[in-house]
Amino acid sequence: VDILATDDFDREAWRRLRGEAYTQFCREACALVDGYGKRLGLHVSASMDMPPAEGGAMEMHWDWRTWLEEGLADSITLKEVWPNTRFEREILSAARPLGVPAIFCPYANTLWAVPGGERIVRDRIRSARAAGNDGFQYYECASVLRAQPDGTLKMLQPGLRRVFQEEF
């Protein structure tokens with residue numbers, strides 16, 4: 001079927017096929033990374049929590065369970081998968097027995113600049129920790145750090161520096 005010429009095709013099968021191709025890419029990337037003795041973290045986002053019959057981010061079935069079962073992920077980054085949600089608990093219940101760390105990664109691009117932003121960041125770190133996450137990734141670090149000409153990094157928000165020092 002030429003899917004560019006018709007809307008009359010099996011979208012679920014198409015999403016599964018696209019997902020299988022992505023999982024194969026992950027297999028090959030994992031083998032390459034392993035060959036260099038490095039670790040591979042894979043990203044799972046809230047938009048990936050849909051059965052292929054209903055949809056999915058980028059019209060794809062994101063088969064994160066297979067990634068875990070096949071050992072393709074040395075860690076899982078939970079992008080916008082909030083602590084204590086059904087989806088987070090589902091991922092953690094699959095990752096824990098396999099020893100795969102889960103890192104909470106909320107969108108926080110300009111959060112540090114709003115009044116009370118440091119408190120919100122601290123609360124998110126603590127919430128992720130209490131829910132059983134193994135780490136916290138601040139997204140987007142480019143809004144918080146600047147590389148200096150001498151190769152050092154400058155923290156743009158002293159309040160966040162204190163939060164990170166106290167929490168980590």
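Helix α4 is followed by Gly132, a residue with a positive phi near 105°. The model described here is predicted. Helix α4 itself comprises residues 117-131, 15 residues in total, and reaches 21 Å from its first C-alpha to its last, close to the 21 Å expected at 1.5 Å a residue. Its buried residues are Gly117, Val121, Arg122, Ile125, Ala128 and Ala131. The cover over these buried positions includes helices α3 (86-95) and α5 (158-167) as well as strands β3 (102-105) and β4. In general, an α-helix has 3.6 residues a turn, so residues three or four places apart point the same way.

Strand β4, which contributes to the cover of α4, also belongs to an open sheet of four strands. The strand order is β1-β2-β3-β4, and the pairing is parallel. The edges of this sheet are formed by β1 (41-45) and β4 (135-136), each of which pairs on one side only. Strand β1 runs parallel to β2 (residues 75-79), and five bridges join the two. Within this pairing, Leu42 has Ile76 of β2 as its bridge partner.

Helix α1 spans residues 11-35 and contains Ala29. Ala29 counts as buried because its relative accessibility is 18%, the cut-off for burial being under 20%. The C-alpha atoms of Ala29 and Leu40 lie 8.3 Å apart in space, and the two residues are eleven apart in sequence.

Taken as a whole, the protein chain contains five helices and six strands. From the N terminus on, these elements follow the order α-β-α-β-α-β-α-β-β-β-α. The C-alpha trace spans about 55 × 40 × 35 Å along its principal axes. Of the 168 residues in the protein chain, 38% count as buried. When contacts between residues at least 6 apart in sequence are considered, 72% join residues at least 24 apart.

With regard to its surface, the protein chain exposes about 9800 Å², of which carbon and sulfur atoms supply 54%. The charged side chains of the protein chain number 21 positive and 25 negative, and the centres of the two sets lie 10 Å apart.

How values were computed
Residues numbered from 1 in each chain as written. Predicted model: local features only at pLDDT ≥ 70, side-chain atom pairs only at ≥ 80, totals over all residues. Heavy atoms only, no water. Buried < 20%, exposed > 50% of the residue type's maximum accessible area, 1.4 Å probe, protein only. Contact = heavy atoms within 4.5 Å. Areas by Shrake-Rupley, 256 points an atom, 1.4 Å probe, with all protein chains shown as cover. Lys, Arg positive; Asp, Glu negative; His and termini not counted. Charge placed at Lys NZ, Arg CZ, Asp CG, Glu CD. Pairing = 2+ DSSP bridges. Expected span 1.5 Å × (residues − 1).
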